[in-house]
Structures are given as C-alpha cells and as structure tokens.
Amino acid sequence: MSNPTPCIDPTFVSVDVESPSEMKESKPFRLPPRHRQRGVFSLEMMFVLIIAVVALGYIIYNGGSLMGSQDVTNEQSNVGTLIANTRKLKASSGYGTSGTSLVSQLVASKGLPNMSVNGSNLYNAWGGSVTVVSSGMTFTITENALPQDACVTLATKISRGTKVTTAINGGTAVTGEVDPGTATSGCSKDANVVAWTIF
C-alpha cells in the first residue's frame with residue numbers, strides 16, 4: 001500500500017503575518033513636487049472675486065439713493081402718525097384757537113412720531129422745521145426744506161387720505177389726491193414746503 005498523499009484544500013491560503021517588530025511605519029501619500037498646487041488662486045476663485053467687487057461697487061454707487069428713499073418712507077410714516085395722533089386731540093369745539101401750535105399737546109400725549117424734537121420744535125429728516133397748527137375745526141401740518149423727490153412723494157401719498165387739502169410751495173390748495181404731474185411741477189425747488197390741512 002502506498003502512502004496517501006496529503007490532500008490540499010484549494011480554498012486554503014496561507015498568510016504570512018508579520019510580527020510587530022517587522023511592521024513598518026506607513027507614510028502618507030504625497031504627489032511628486034511638480035504636481036503640487038502652489039498658491040490659492042484658481043480661475044474659479046478669480047471669477048468669484050470679480051463678481052464680489054462688481055457687487056460691492058454697485059452697492060456703494062446706489063447706497064446714497066437707497067438711504068434717500070428710506071428717509072422719504074420714514075417721513076411719510078411720520079406725517080401719517082402726526083395726522084392720526086393730532087385727530088385724537090380734537091374736542092367738540094375743534095383743536096383750539098386758530099394759529100395755536102399743537103406740538104406741546106402732542107408731546108404731552110406721547111403722540112409724536114420718530115422725529116427730531118427740540119422743545120416744542122419738530123424737524124424732519126432733512127433738518128427742515130415741521131409745524132402742527134390749529135385752524136379751529138381743522139389743523140395744518142407743514143413740512144419745510146423738502147428735497148424735490150421727497151416733496152413729490154409726500155405730496156402725492158399723503159393727499160390720498162380722506163378730508164385732506166395739499167398746498168405745495170404756497171400754491172393753490174388741492175382737495176383730495178394730488179396727481180404726480182401737479183406734484184412734480186409744484187415741487188420745483190431744491191427746498192420745498194408742503195402743507196396739509198386735515199378736516
């Protein structure tokens with residue numbers, strides 16, 4: 001009888017395991033020196049920087065007009081608040097003697113909007129005086145030193161209210177809404193005056 005040959009399992013694989021002393025420290029993979037990127041600028045980064053510079057220039061260029069527009073919006077809100085709060089002062093006999101300033105009553109009743117106040121004097125965003133004066137059964141709000149754009153906007157927007165007459169630069173008072181053409185021709189100065197009489 002012959003010696004049997006050992007049977008080798010084809011799925012069995014022998015693996016050599018290194019001892020800890022034989023293990024080598026692995027080094028991180030690095031590109032050869034000629035393939036390394038030098039600097040931080042790429043075409044994409046330059047494109048982003050160009051867009052950012054153009055956007056910043058646009059914001060700076062239009063910043064003044066945006067601030068001016070905000071002043072007009074704030075002043076329109078201030079006049080609206082003055083009208084609403086002065087109406088609250090009306091008694092059965094009206095607003096008092098014709099020609100009486102109503103600012104001190106508005107100060108006492110905390111009826112002033114976000115305007116500059118010095119004693120009993122009010123000032124708008126452009127440093128012009130603002131008066132609120134009794135006309136007996138009505139009252140008149142006058143805004144001074146309004147630039148042309150503010151004059152046109154305020155004259156047309158405030159006049160949309162009911163029972164309001166609007167006079168621009170001492171011209172004929174218009175009852176009800178002032179159309180933009182009338183406001184533009186009336187607001188022809190650098191410092192304009194608009195007076196609203198409220199019934």
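Let me start with a term: buried means under 20% relative accessible area, exposed means over 50%, and partly exposed is in between, with a 1.4 Å probe and protein chains only. By that scale Ala145 is partly exposed, at a relative accessible area of 30%, and we'll come back to this residue.

A quick word on the model, everyone. It is a predicted one, where local features need pLDDT of at least 70, side-chain atom pairs count only at pLDDT 80 or more, and totals for chains, interfaces and linings use all residues. Residues are numbered from 1 along each chain as its sequence is written, and side-chain values use heavy atoms, with hydrogens and water left out.

Let's go to the core. By nonpolar core I mean a set of buried Ala, Val, Leu, Ile, Met, Phe, Trp, Tyr and Cys residues joined through side-chain atoms within 4.5 Å. The largest one here has 29 residues, and the members touching the most other members are Leu82, Val132, Phe139, Ile141 and Trp196. Elements giving two or more residues to this core include α1 (43-87), β3 (129-134), β4 (139-146) and α3 (148-158). The largest share, 6 residues, comes from α3. When I say helix or strand, these are DSSP runs numbered from the N terminus: helices are H or I with at least four residues, strands are E with at least two.

Now zoom in on Val132. What does Val132 touch, not counting residues up to four places away in sequence? With contact meaning heavy atoms within 4.5 Å, the partners of Val132 include Leu82, Leu102, Val103, Leu106, Leu122, Phe139 and Ile141. Val132 belongs to the covered face of β3, along with Val130 and Ser134, while Ser129, Thr131 and Val133 make up the uncovered face.

What about the neighbours of β3? I count two strands as paired if DSSP finds at least two bridges between them. Strand β2 (residues 121-123) pairs with β3 in the antiparallel sense over 2 bridges, and Tyr123 stands opposite Ser129. These two strands form a hairpin with 5 residues between them, and Gly127 in the turn has a positive phi of about 85°. On to β4, which runs antiparallel to β3 and is joined to it by 5 bridges; Val130 has Glu143 as its bridge partner there. This hairpin has 4 residues between its strands, and the turn holds Gly136, with a positive phi of about 90°.

Back to Ala145, as promised. This residue is found in strand β4, and its phi is near 60°, a positive value in a residue other than glycine. Ala145 touches Trp126, Gly128, Ala191 and Asn192, leaving aside residues up to four places away in sequence. The C-alpha atoms of Ala145 and Gly128 are 4.7 Å apart, although 17 residues separate them along the chain.

Asn169 also has a positive phi, about 50°, although it is not a glycine. Asn169 sits in the loop between β5 and β6 (174-175) and is partly exposed, with a relative accessible area of 23%.

Last stop, the disulfide, taken as a pair of cysteine sulfur atoms within 2.5 Å. How many are there by this rule? The count comes to 1: Cys151 and Cys187, with sulfur atoms 1.9 Å apart. The torsion about their S-S bond is about -70°, so the disulfide is left-handed. Cys151 lies in helix α3 and Cys187 in the loop between α4 (180-186) and β7, so the pair ties together parts 36 residues apart in sequence. Cys151 and Cys187 are both buried.
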